[in-house]
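Welcome! Try each task before you read its solution.

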Amino acid sequence: MMLIENGMVIDPANGIKKQASILIKEGKIAKIIENQQELDALQINSCDRINALGCIVAPGLVDVHVHFRDPGFTHKEDIETGAKAALRGGFTSVVLMANTNPVVDNAETLTYVLEKGKKTDLKVYTCATVTKGMSGKELTDMELLFAKGAVGFTDDGKPILDTMILEQALKKAAALKVPVSLHEENPAYIQNNGVNAGTAAEYFKIAGSPREAEISMIERDLQIALETGAILNIQHISTKEGVALVREAKRKAAELGFNNIHAEATPHHFSLTQDAVLAYGTLAKMNPPLREEADRQAVIEGLKDGTIDMIATDHAPHSEEEKARSITEAPSGIVGLETALALGITNLVDTGHLSIEILIERMSTAPARLYKLSAGTLSEGAPADLVIFNMGASWTVETFLSKSSNSPFVGQTLKGMVKYTIVDGKVVYTNL
C-alpha cells in the first residue's frame with residue numbers, strides 16, 4: 001500500500017485538479033482523498049508514503065511514437081535502455097514503431113518485442129507494419145498481428161505511396177477498429193531529407209525537403225480515412241497547411257458522426273524552427289524537418305484547439321558516429337523521451353499557450369485513448385501508473401539514460417523536473 005500526500009492532483013480524464021492525496025492498493029488507484037478528515041477515517045497505519053508537496057501528481061505519460069531500435073539496431077538503443085529513458089521522462093507506457101530489423105510484420109518478431117518489453121518496468125506496446133517488409137506493396141496479416149498483440153499499424157519511416165494498398169489497409173483497420181499511423185512525406189518531392197527546403201537547405205547548399213511532400217500525403221490520406229471510417233493518426237505534423245487539413249477533416253468527420261481523425265506533434269516541432277539546423281547541424285536533422293516560425297505557431301495552435309490531439313516524441317536514437325557524418329549522410333531523428341515533458345512545460349505552459357491540464361491530456365489521456373490502453377487516468381481501480389513532477393524546477397540537459405544522446409537540446413535549461421515515476425504502484429524512477 002502507498003499513500004501519495006500533499007500533491008496537486010491533475011486527472012484530465014475525470015476533470016480533476018485539486019490538492020489531494022492518492023491511496024494505492026495492490027497496484028491500483030484505490031481512492032483520491034480530499035481532506036485530512038477523510039484520510040483519518042481510513043485509519044491508515046503502515047504504508048509507503050511519498051510527500052508530493054509542491055509537485056503535480058498526474059497519470060503517467062503515454063508516448064505513441066517511439067523507436068527502441070530492437071531488434072536489429074541495438075547499438076543505438078535497445079528495449080532495456082529505452083525503457084529507462086522513458087521512465088526518467090515520466091512515461092509509464094509507450095507504443096513502439098515497427099521499423100526494426102527484421103521489421104514487425106510477423107508474429108515471431110512481434111512476440112519478441114512484447115516479451116522483452118515485459119521484462120522492463122515500463123509498459124511496452126508495439127505497432128506492426130501495414131505492409132510486408134515496409135515495401136508498400138503487400139499487406140501484412142493484420143488480423144493475425146492484431147490478435148497476437150499489435151495495438152496498431154504503421155510503416156513509420158516510409159509513406160505508403162500506393163493508394164489502392166492504403167485503401168485496403170484502412171478498410172481492414174476500420175473492421176478491426178484499430179488505428180493506423182502514417183508517415184506523411186512523399187519522396188517524389190524530396191532531394192535531401194531532414195532539412196527544410198528554405199533557409200536551412202540554402203545554408204548547406206542542398207535542395208532539402210519541401211513542405212509539399214507532407215501536404216500532398218496528408219490531403220490524400222485524410223480523404224481515404226473519411227471514406228473508410230478508419231481510425232487515422234497523422235504522425236509528427238510539421239506544416240501549417242497540414243494542421244489546417246487535419247482541422248477541416250475533423251470537422252467533416254464530426255458531420256459524418258465519426259471521431260476517427262487524429263494527429264500528433266513532437267516537442268521539437270513546437271519548440272524549434274529550421275534555424276536550429278544552422279545552429280546544431282545534424283543534431284537538428286529530422287523527418288519531417290523543422291520548418292518555419294509560422295509552421296511552429298500553427299502546430300501550437302493545433303495543440304491548443306485540439307486539432308492535434310497528442311504530443312508524441314518520435315524518440316529516434318542514433319549513435320554519435322552516425323550523427324557526425326555530413327548533413328546529407330547523417331540519419332534523421334533525435335532522442336526525445338527524457339526532455340518531452342520539460343519542453344512542454346517550458347515552451348507551451350510557461351508561455352501561456354496551454355494549461356498544465358491540457359498538456360497532461362495531450363501527453364497521457366489522449367494517447368492512451370487512441371490505442372485503447374489502460375492508462376492515462378487516475379480513476380479508482382485503474383492501474384497506479386503515475387508521474388510526480390515539480391513544474392517550477394529548472395534543470396540543464398546534459399546526460400541521458402538512453403543509449404544515445406543525439407539532441408539539439410543539450411546544454412539548454414528547461415523547466416519541469418520528474419521526481420517520481422510509478423508503474424503498477426511501484427516506484428520505478430526517482431530523482432530526489
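A salt bridge here is a side-chain nitrogen of Lys or Arg within 4 Å of a carboxyl oxygen of Asp or Glu. This is a predicted model, in which local features need pLDDT of at least 70 and side-chain atom pairs count only at pLDDT 80 or more, while totals for chains, interfaces and linings use all residues. Residues are numbered from 1 along each chain as its sequence is written, and side-chain values use heavy atoms, with hydrogens and water left out.

**Exercise 1. Find how many salt bridges the whole structure holds, then describe the one between arginine 88 and glutamate 338.**

Step 1. Searching the whole structure gives 26 salt bridges.

Step 2. For arginine 88 and glutamate 338, the N to O distance is 2.6 Å.

Step 3. Now place the partners: arginine 88 is in helix α2, and glutamate 338 is in the loop between α12 (320–323) and α13 (340–349), so this pair links distant parts of the chain, 250 residues apart. Helices (H or I, at least four residues) and strands (E, at least two) are DSSP runs, numbered from the N terminus.

Step 4. Check the burial: glutamate 338 has a relative accessible area of 9% and is buried. The classes are buried under 20% relative accessible area, exposed over 50% and partly exposed in between (1.4 Å probe, protein chains only).

**Exercise 2. Work out where aspartate 309 and lysine 250 lie, and which pocket they line.**

Step 1. The closest N and O atoms of this salt bridge are 2.8 Å apart.

Step 2. Aspartate 309 sits in the loop between α11 (293–305) and β13 (310–311), and lysine 250 in helix α8 (residues 240–255).

Step 3. Aspartate 309 is buried, at a relative accessible area of 15%.

Step 4. Both residues are among those lining the second largest pocket, whose volume is about 200 Å³. A pocket is an open set of points on a 1 Å grid over the protein atoms alone, where a 1.4 Å probe fits, with protein on both sides within 12 Å along at least five of seven lines; lining residues have an atom within 4 Å of a point. The volume is the space filled by probe spheres set on the points, which are joined across faces, edges and corners.
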